[in-house]
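Work through the exercises below with the model open beside you. Try each task before reading its solution.

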Amino acid sequence: MKCLGFAGAEIGRNIVIRKNCEIRNPKGLKIQANVSIGNRILLDARRGLEIQESAVIATGVFIWTLHHDYNDVNFKSIGAPVTIGHHSWVCSRAIILPGVTIGEFAVVASGAVVTKDVPPYAVVGGVPAKIIGKREKKDYNY
C-alpha cells in the first residue's frame, strides 16, 4: 500500500489488494478504510475513482473512468469519475463504465455491465445492468 501512497493515491487503513491489480493513474485514486480488492482487476483512476469504506471489489472486475467518443472523427478520449459506495459489493467480472456511481450497500452481480448509476441497496445484473432485486437494510459489518 505504501507504493500507492508514494504514487499519489489516497489510501485508508486495513486495505486488502490481491495480486495482479492494474491501476491507471494512482493520483486519481482514493480508497477509504476496510476495502477488499480481488485478483486480476483494473482500476482506471484517470478521471477519478473513489472506493468508499468497506466496499468489496471481487476478482476480475474492470472499473473504467475514461473511454473514446465513437462519434468523434478523431476518436477523442472522454470520461468521468466513478464512485463505489460504502459497503457495496461489485461481484466477479463486472464492468463499471465512466461516470457511474454505485450507491451505498448496492450489489453488482457477476458479469454485469453497469452503464448508469445504481441506487443504494439495489441489486443489479445483466448487460446493460438493470435492477433485479433489493438488498435488505441491516447492520452489515464486514
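**Exercise 1. Is D44 buried or exposed, and which residues is D44 in contact with?**

Step 1. D44 counts as buried because its relative accessible area is 0%. Buried means under 20% relative accessible area, exposed over 50%, and partly exposed in between, with a 1.4 Å probe and protein chains only. This is a predicted model: local features need pLDDT of at least 70, side-chain atom pairs count only at pLDDT 80 or more, and totals for chains, interfaces and linings use all residues. Residues are numbered from 1 along each chain as its sequence is written, and side-chain values use heavy atoms, with hydrogens and water left out.

Step 2. Helices (H or I, at least four residues) and strands (E, at least two) are DSSP runs, numbered from the N terminus.

Step 3. List the contacts, meaning heavy atoms within 4.5 Å. Leaving aside neighbours within four places in sequence, D44 is in contact with R24, L49, I63, W64, T65 and L66.

Step 4. Look at L66 again. The D44 side chain reaches the backbone nitrogen of L66 at 3.2 Å.

**Exercise 2. In which sense do strand 18 and strand 19 pair?**

Step 1. They pair in the antiparallel sense, over four bridges. V124 stands opposite I131 in strand 19.

Step 2. The two strands form a hairpin with four residues between them. In the turn, G126 has a positive phi of about 100 degrees.

Step 3. P128 also lies in this loop, between strand 18 (122–125) and strand 19 (130–134). The peptide bond from V127 to P128 is cis, with omega near -10 degrees.

Step 4. Check burial. Zero of the five residues of strand 19 are buried, so strand 19 lies largely in the open.

**Exercise 3. Where do F75 and R93, with their positive phi values, lie?**

Step 1. Recall the background. Most residues other than glycine have a negative phi, and most peptide bonds are trans.

Step 2. F75 has a phi near 55 degrees. Its place is the loop between strand 10 (66–68) and strand 11 (77–79). F75 is partly exposed because its relative accessibility is 47%.

Step 3. R93 has a phi of about 60 degrees. R93 sits in the loop between strand 13 (89–90) and strand 14 (95–96). At 61% relative accessibility, R93 counts as exposed.

**Exercise 4. Is S54, in a loop, buried or exposed?**

Step 1. The loop runs between strand 7 (49–51) and strand 8 (56–57).

Step 2. S54 has 3% relative accessibility, so it counts as buried.

Step 3. Beyond neighbours within four places in sequence, S54 is in contact with A33, N34, V35, H87, S88 and Y142.

Conventions. Two strands pair if DSSP finds at least two bridges between them. A polar contact is a pair of N or O atoms within 3.5 Å; within protein, one must be able to donate a hydrogen and the other to accept it, and residues adjacent in sequence count only if both atoms are side-chain atoms.
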